[in-house]
Amino acid sequence: MKKVLMALIVLGLIFVGAVSHAEGVQGQETVLFDFETGLQGWEIPDWAYEKPDHVQTDMQITDKVASQGTKSLEIMAEFPGGRWTGAIVEIMQYFDWTDFSGIACDIYLPPDAPLGLTGKMILTVGDSWKWVEMSRSFALKPGEWTTVQADLRTGSIDWRRVTVDDAFRQDVRKVDIRIESNNKPAYTGPIYIDNVRVIK
Amino acid sequence: MRYFRVTTAALVLFFVSSIFGLSGCGEKQEPAKTSVVKQEAKAADTMTMAAQKVAEIPQTTAPAAEPSQAPITEERTFYDFEGDLLGWEVPSWAAGKTDHVAKEVVVSEEIASKGKSSMKVTADFPGGSWTAGLVEIQQFLDLSKYRVIRADVYLPADAPIGLKAKLILTVGENWKFVEMNGGVPLMPGEWATISASIEPGSYDWKRVIPDEEFAKDIRKIAIRVESNNKPKYDGVFYVDNVRVGR
């Protein structure tokens, strides 16, 4: 009887441990924008319309694809090829990400899109509204969701021309997502963004 | 009179020899010390080239900055390939070049110099001409806090002898392609560490002596395994633990 009781206790402990672990993994990410209820403040910034190398033409919410939920943000763009061009969307909002170690978003290209487009995030931080691009871009694969992510912790090498310290993530004022064509490819069509999130 | 002539001749000789440094007195002029390249196999080659470059530096210029000779006591791994290529790839520009023979790059758990996995590169070196398998990452990095950049490269035990590996950096606004001076010989069945100083004054780079700005604006890191006419090899090599040290 004692053995059976002991076995039940052990099984119970294993079950509780597994559940708490699963909750812990889920709790590590906080979704900021899933686009299930609209644009949630995201826009094509006015200044981007004035720059000939910025080639986004329109944006809207769509239910064609989603990496989380049923909807995502669809950006229409016309990359001509032959020179650097980018399609950009942004949200202006104050964030304090002191409790978080990373930021991520998902980007999707339709299967008939060409290889060669890349995606990165850009933060505007601090009192001086410093424009801080990610130090590298992520290659986007047609027909697949690509997760673009960056480390926000002190000493991170994921951000360009900035020393990442605690103050960096404490005062984030804008988040931009930019899809780029560096001379090639040429592409006219949609790009989808979803599940913009921070990670504990 | 004879004594006067001898004395005068001796004084003239002393004066001339003093001017041209032939007296044998005082400290002997040593050539500037070159940077320490960790790979012994590469050292002789690099030292020779460094000595040549030192000889080319005019005596009248102020001494250039020299890399520190102090040991590296702290390393930071930037790319350990634990489950992710972390942005490393066979670049699209290499795909169109017949002398660039890397075909595929994946994460592999077959072997690792750090952690459990590494980056496995498949390449087909045909032999008979210079060919190379190159992988790279495009990332903007400020490495000015560090003194060296290093990476581990492994060849399987059944690979031939004769392949060499080197690091290549792309630096600055002009995207200057800067190769290491010499390749590190890869021994089949062993990890080899490629190491180069990025400090001002380093002689580890071909046609470039780094200045203060060099390490501040690194835009790409590439690792290139080379076959110079030989050997022929159709197989894989592994890269792991790309790191910086100070």
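View 1. Strands β6(A) and β7(A) pair in the antiparallel sense through four bridges; pairing requires at least two DSSP bridges between two strands. Strands are DSSP runs (E, at least two residues), numbered from the N terminus. β7(A) spans residues 130-133. Val125(A) has Lys130(A) in β7(A) as its bridge partner. Four residues lie between the strands of this hairpin, where Gly126(A) takes a positive phi near 75 degrees. This is a predicted model: local features need pLDDT of at least 70, side-chain atom pairs count only at pLDDT 80 or more, and totals for chains, interfaces and linings use all residues. Residues are numbered from 1 along each chain as its sequence is written, while chains are lettered from A and ligands numbered from 1 in the order in which they are written.

**View 2. Strand β10 of chain A and its partners β4 and β6.** β10(A) covers residues 172-182 and pairs antiparallel with β4(A), residues 84-95, over ten bridges. Phe95(A) stands opposite Val172(A) of β10(A). β6(A), residues 118-125, runs antiparallel to β10(A), with eight bridges joining them. Here Lys120(A) is bridged to Arg178(A).

**View 3. Contacts between chains A and B.** Six residues of chain A contact nine residues of chain B (C-beta atoms, placed from the backbone, within 7 Å). The predictor gives the complex an ipTM of 0.75 and a pTM of 0.75.

**View 4. Confidence in chain B.** Its average pLDDT (the predictor's confidence in each residue, from 0 to 100) is 82, and 74% of the residues score at least 70. Residues 10-63 of chain B fall below 50, yet this stretch has 42 contacts in the model beyond near neighbours in sequence.

Technical notes:
Contact = placed C-beta atoms within 7 Å.
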